[in-house]
Amino acid sequence: MNTAIQIENLCFAYGEKTALTAINMDIPAHQVTALIGPSGCGKSTLLRCINRINDRIKGAKITGGSLKIHGIDVMREDIDLLELRRLVGMVFQKYNPFAMSIFENVAYSSRIAGIKDKKALAEIVEKSLRDAALWDDVKDRLKQSAFGLSGGQQQRLCIARAIANQPEILLMDEPCAALDPLATLKIEELIHQLKSRYTIVIVTHNMAQASRCSDKTAFMYLGKLVEFDDTRKIFENPGESKTEAYITGSFG
Ligand SMILES: Nc1ncnc2c1ncn2[C@@H]1O[C@H](COP(=O)(O)OP(=O)(O)O)[C@@H](O)[C@H]1O
Ligand SMILES: [Mg+2]
């Protein structure tokens, strides 16, 4: 197994409040890893450690352990955060296109990176939209506002924007929570298509979704990692009674 993200004894706190305790996980490259567990157990916190966007929260800090991407410790002081966030794309629960055209949403990061050539930009935009299974829906309205798209389309636009940067890792924090079942299914199909090229880590509340679209599942509870294994194992024959209770809906 090729490990993309290596997490060792990771501890994290918001001020005095401990949010993660000694998390150990080897997240495989080019697979989908699902993080599940009841609300407040630390899923988003763990996800946000991977691209260090927790840094923006005052008083939030890693209190121990390490998190490495392809062997490089991302907690180092001298890490280039812009480069880290290019390497690690992220999609949120509430889809959040920028208040600009469909085209400009996807071209945004390339423009920031200094690409000015119109043809090059158009190619990046088309490729990213195709990869996000959105090209056919939007190719005739690229100049229109992103806000005119349906919710599911806006989320796929956010995925196109994230992959336009050519990241290696894609983080998704409950990406379907605000979508209807059909739009959810489209995102799941897309995740399936993307995983050959990206390492995907997805937080989901939807057990059916975790079992459908992930290869590995991590069950978290009260800031600890209870169990991390092949998704099939977690759902068919979990090793911990707590995991079984959660996936069968006894609590959460
Ligand atoms: N910005 C914050 N400041 C203080 N505590 C926070 C903050 N964000 C999350 N927490 C706390 O950290 C714990 C883990 O939260 P979170 O990672 O959001 O859980 P999940 O995504 O599993 O619902 C919770 O107890 C939550 O209240
Ligand atoms: Mg969360």
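Mentor: What follows takes the helix pair, then the strands, then one glycine. Keep in mind that this is a predicted model.

Start with helix α3, residues 102–112, and helix α4, residues 118–131. Their axes come within 9 Å. They cross at roughly 115°. Angles of 65 to 115 degrees count as roughly perpendicular. The two helices are therefore roughly perpendicular to each other. The crossing of α3 and α4 is right-handed.

Which residues make the contact between α3 and α4? From α3 come F103, V106, A107 and S110. From α4 come L121, I124, V125, S128 and L129.

Strand β7 covers residues 169–173. Is it mostly covered or mostly open? It is mostly covered, with 4 of its 5 residues buried. Strand β7 pairs with β6, residues 88–91, through 4 bridges. These two strands run parallel. In that pairing, V88 stands opposite I169 of β7. Strand β7 also pairs with β8, residues 199–203, here through 5 bridges. Again the strands run parallel.

Another sheet-forming group is antiparallel. Four strands make an open sheet, in the order β2-β1-β4-β5. Which strands stand at the edges? They are β2 (17–28) and β5 (72–73). Each has a single partner strand, so one side of each is left without a neighbour in the sheet. For β5, look at its pairing with β4, residues 60–69. The two are joined by 2 bridges and run antiparallel. There, I69 stands opposite I72 in β5. As background, strands of a sheet pair through backbone hydrogen bonds, either parallel or antiparallel.

Last, look at G151. This residue lies in helix α6, residues 151–164. Is G151 buried, exposed or in between? A residue needs 20 or more other C-beta atoms within 10 Å to be buried, and 12 or fewer to be exposed. G151 has 14, so it is partly exposed. Leaving out residues up to four places away in sequence, G151 touches Y95, A178, L179 and A183. How far is G151 from A19? The two are 132 residues apart in sequence. In space, they are 31 Å apart, C-alpha to C-alpha.

Notes
Residues are numbered from 1 along each chain as its sequence is written. Chains are lettered from A and ligands numbered from 1 in the order in which they are written. This is a predicted model: local features need pLDDT of at least 70, side-chain atom pairs count only at pLDDT 80 or more; totals for chains, interfaces and linings use all residues. Axes are lines fitted to C-alpha atoms, for helices over the stretch in contact, and angles run from 0 to 180 degrees between N-to-C directions. Angles under 35 degrees count as roughly parallel, over 145 as roughly antiparallel, 65 to 115 as roughly perpendicular and the rest as oblique. A crossing is left-handed if the near helix is turned anticlockwise from the far one by less than a right angle, and right-handed if clockwise. Two residues are in contact if their C-beta atoms, placed from the backbone, lie within 7 Å. Two strands pair if DSSP finds at least two bridges between them.
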